[in-house]
Amino acid sequence: MALGCVSRSLLRKSLQVRVENMLFPGMRKMSSSQSNTKKTTKLKNMLNSKELEFIMEAHNGLSARIVEEAGFSGIWGSGLSISAQLGVRDSNEASWTQVVDVIEFMSDATSIPILLDADTGYGNFNNARRLVRKLEDRGIAGACLEDKLFPKTNSLHDGRAQPLADIEEFALKIKACKDTQTDPDFCIVARVEAFIAGWGLDEALKRAEAYRNAGADAILMHSKKSDPSDIEAFMKAWNNQGPVIIVPTKYYNTPTQYFRDMGVSMVIWANHNLRACVTAMQQTTATIYKDQSLTGVEKNVASVKEVFRLQRDDELVRAEDIYLPKK
């Protein structure tokens, strides 16, 4: 009888392992060593890779899973997109705890690293370092902090004041975050908003160097020009002092090879899943309202079965077979 219990236990364990290791369709298969690598380490390796890396925006668990299925190696937890899907403005109207709740679902839904757009850190150094602890608890790989004042103003607004934080104060905020993290591979990215605020190259370079010296794992250099001239000037002056991330939302016509040639480390596709959702929902909702029928939209939307698949309903069926008593 004891042997029977052991056999059943081993069978159950085998089934559990198979369930936990199950790959959903479309997801890029990873080697055993890759799958066992911490998310923080994966992100750090991407930042320090000799190849140009890409991460894609997501704003909830479902979109995060879609990003992973598409083959991306990392996710950008966009502040704009997370706030928008909550129905509020990107002005810190969503509290940091609400953002962390969303990002936790995203982390649970995926096996690739998430870099959170953490705005200004939601306050001073004390708020920022507390945030780091909470992100580490939830398996988030890194946080990107921008050197503006709380509450933040979205960088792409036209005609809005974009006041910058004091360089020393922000550098010490970076240091506080690095001193607080318990995982040595957790990444802190310093986002420089000098170009956004109307300053020139000297200010951008001075800030980037100060934040790098404070311990930032990478610099995100932001620009809303329709061409990459700001980024090009910075990359030449930066002279490869450390990894640089860019967000080409406004200079989207620039060939990607140009970023490689400049020595950029990572590109963030920052808000396009959210924007795609908005367009699709507007069109679908308007059609249903106009037609008072589903006939015109059914062929253009995902099936309910596809939603179940993205939710990994098949894993639940397998788990029920293991954990629910047989009738």
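**Strand pairing**

Within β8, Met266 is the bridge partner of Ile245. From β7 the chain passes through helix α11 (residues 256-262) to reach β8, and this β-α-β crossover is right-handed. The model is a predicted one, and the points below are grouped by topic.

**The chain as a whole**

- The chain contains 14 helices and 8 strands.
- Of its 327 residues, 44% are buried.
- Among contacts with a separation of 6 or more, 73% are between residues 24 or more positions apart.
- The accessible surface of the chain amounts to about 17300 Å², and carbon and sulfur atoms account for 54% of this surface.

**Further pairing of β8**

- Strand β7 (residues 244-246) runs parallel to β8, and 2 bridges join the two strands.
- Strand β1 (residues 53-58) is also parallel to β8 (residues 266-269), with 4 bridges between them.

- Leu145 belongs to strand β4 (residues 142-146).
- Leu145 has a relative accessible area of 1%, under the 20% cut-off, and is therefore buried.
- Beyond residues up to four places away in sequence, Leu145 touches a set of residues that includes Ala118, Asp119, Thr120 and Gly121. Phe170, Lys173, Cys177 and Val189 are also among the residues that Leu145 touches.
- Leu145 and Ala118 are 27 residues apart along the chain, and their C-alpha atoms are separated by 5.4 Å.

**Salt bridges**

- The structure has 25 salt bridges.
- Asp90, Asp117, Asp119, Glu146, Lys148, Lys152, Arg191 and Glu193 are linked in a salt-bridge network.
- In a separate entry, Lys206 forms a salt bridge with Glu203, with 3.4 Å between the closest N and O atoms. Because Lys206 and Glu203 are 3 residues apart in helix α9 (residues 201-213), about one helical turn separates them.
- Lys206 is partly exposed at 46% relative accessibility, whereas Glu203 is buried at 12%.
- Glu232 and Lys236 meet through their side chains in a salt bridge of 3.6 Å, N to O. These residues lie 4 residues apart in helix α10 (residues 229-238), so Glu232 and Lys236 are separated by about one helical turn.
- Glu232 is partly exposed, with 26% relative accessibility, while Lys236 is exposed, with 64%.
- Lys290 forms a salt bridge with Asp291, and the closest N and O atoms are 3.7 Å apart.
- Lys290 is exposed at 68% relative accessibility, and Asp291 is partly exposed at 35%.

**A nonpolar surface patch**

- Val304, Val307 and Phe308 form a nonpolar patch on the surface, and together they have about 260 Å² of accessible area.
- Phe308 is located in helix α13 (residues 304-310).
- With a relative accessible area of 41%, Phe308 counts as partly exposed.

**Backbone features in loops**

- The peptide bond between Phe150 and Pro151 is cis, with omega near -5°.
- Pro151 is part of the loop between β4 and α8 (167-180).
- Asn92 has phi near 60°, a positive value in a residue other than glycine.
- The place of Asn92 is the loop between α5 (79-85) and α6 (96-108), and Asn92 is buried at 14% relative accessibility.
- Arg312, a residue other than glycine, likewise has a positive phi, near 60°.
- Arg312 sits in the loop between α13 and α14 (313-323), and Arg312 is partly exposed, with a relative accessible area of 26%.

Terms used: Residues are numbered from 1 along each chain as its sequence is written. This is a predicted model: local features need pLDDT of at least 70, side-chain atom pairs count only at pLDDT 80 or more; totals for chains, interfaces and linings use all residues. Side-chain values use heavy atoms; hydrogens and water are left out. Patches are made of residues with over 30% relative accessible area and no salt bridge: like charges are joined within 9 Å, nonpolar side chains (Val, Leu, Ile, Met, Phe, Trp, Tyr) within 5 Å. Accessible areas come from the Shrake-Rupley method with a 1.4 Å probe; for residues, only the protein chains shown count as cover. A salt bridge is a side-chain nitrogen of Lys or Arg within 4 Å of a carboxyl oxygen of Asp or Glu. Buried means under 20% relative accessible area, exposed over 50%, partly exposed in between (1.4 Å probe, protein chains only). Two strands pair if DSSP finds at least two bridges between them. A crossover is right-handed if, with the strands pointing away from the viewer, the path from the first strand over the helix to the second runs clockwise. Contact means heavy atoms within 4.5 Å.
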